[in-house]
Amino acid sequence: MFVEKNNRTDAEMSRLKETVLAYSKNVPMNYRLDEVFFIDQFPLTSIGKVKRYELREIGAELLSNRHRMASAQEIKKPSMDLLDRIFCDIMQIQKLSHDDTLEQLGMDSLQLFELSTEIYRLFNRDIGEYLNRSMKISELKNLVEKNACGERTIGYDISQFPLKKTVMSQMILQLLLRTFRVIWRFEVAGIENIPSEGSYILCPNHETHLDGMWVFSCLEHKKLLKIKCLAKQEHLNRFVSRFGLRMLGGIPIDRSGNFVPALNRCLRCLQSEESIVLIHPEGTRTRNGQLGAFKAGAAQLAKDAAVPMIPVFMKGGYTIYPSTSKLPKLFDWKNKSRYRIHIVFGTAINGESLNAVQMTELARKQIVEMQAQINCQE
């Protein structure tokens, strides 16, 4: 939390900090504060909006200084009890056995991500790459307290992603996006809902392999340098798809196993630099053209990064590129016209007063409403 000093004395700031942190202990974990920072003035844009990404940089620097000043013993000493409280809060249980595995506790992927995020925030330990459901609580505590190394659950260094964009990759991306706008007829609405600056998460429904490219084609040229997306790790196996990862700022994700490292990497990107991250809440492409169930990972990521998520509705993609086709259709010869692609950007959803599940439900509701509106217009 950041507070402007406003000529407060050191004693006044100390009392205010104690009061706020004491109140914070009585609210759910998602809303608890780790620290209160006093700054001279909030960094503002030319129209008076707070530059949140600059605040994140200020906070990261102040927290880094605090961690350097603390001794290793001071950090480790409260870890046993604090870790127990984290487990109990996340799982909503009273007691736990250190011999229990994460699977026995019934932890789902979203709870694993929440656990990993809390451990990184409180202990500055990134354990996402070592998490697996067969791990005992005692083994996880050993990772945190002794900063030990476990067995990696992914076969690549997630910190190397997204791959650095090259001049060639940017030129090819620009060429592809312009070509798409010529081949297909785009009807775009809600552009005004896209923030002019800062980080945010785009959450479109998932119809085809080209959804991300189509959505990115609606963005201004200067924003393309900031784009990132989650992509299945199998794209690393082929040269062409790996080059696609480089173009789109792809972060590989193990969809059938531990996707915590990918979400953690997205979180670091959103917190450390201005990023536009695209995540499909459905997790996988539709097989029948219908909207699938939404997962709450994107919403939890938005909450943890304190950035808005923007629902995006797409229609027409499945007609052009159904799951049974190897290549997209380029022209509607029957009607002698270009195929249409509808893309509608919904209103931003912020997580100040909502949990991840509520944010996800609201995003799906918006997409369903946008879908009904487009259907009525046709």
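**Overview**

Trainee: How much of the protein is buried?
Mentor: Of its 378 residues, 47% count as buried, meaning under 20% relative accessible area with a 1.4 Å probe, protein chains only. This is a predicted model, where local features need pLDDT of at least 70, side-chain atom pairs count only at pLDDT 80 or more, and totals for chains, interfaces and linings use all residues. Residues are numbered from 1 along each chain as its sequence is written, and side-chain values use heavy atoms, leaving out hydrogens and water.

Trainee: How many helices and strands?
Mentor: 13 helices and nine strands. They are DSSP runs (helices H or I, at least four residues; strands E, at least two), numbered from the N terminus.

Trainee: What order do the strands of the open sheet take?
Mentor: Seven strands run β3-β9-β8-β4-β7-β5-β6, with mixed pairing. Pairing takes at least two DSSP bridges between two strands.

Trainee: In which sense do β5 and β6 pair?
Mentor: Parallel, over four bridges. Ala231 has Pro252 of β6 as its bridge partner.

Trainee: And what does helix α13 touch on the sheet?
Mentor: Helix α13 (356-377) touches β4, β8 and β9. Contact means heavy atoms within 4.5 Å.

Trainee: Switching to α1. Which residues are buried there?
Mentor: Met13, Val20 and Ser24.

Trainee: What covers them?
Mentor: The cover includes β2 (37-39).

Terms used. Buried means under 20% relative accessible area, exposed over 50%, partly exposed in between (1.4 Å probe, protein chains only). Axes are lines fitted to C-alpha atoms, for helices over the stretch in contact, and angles run from 0 to 180 degrees between N-to-C directions.
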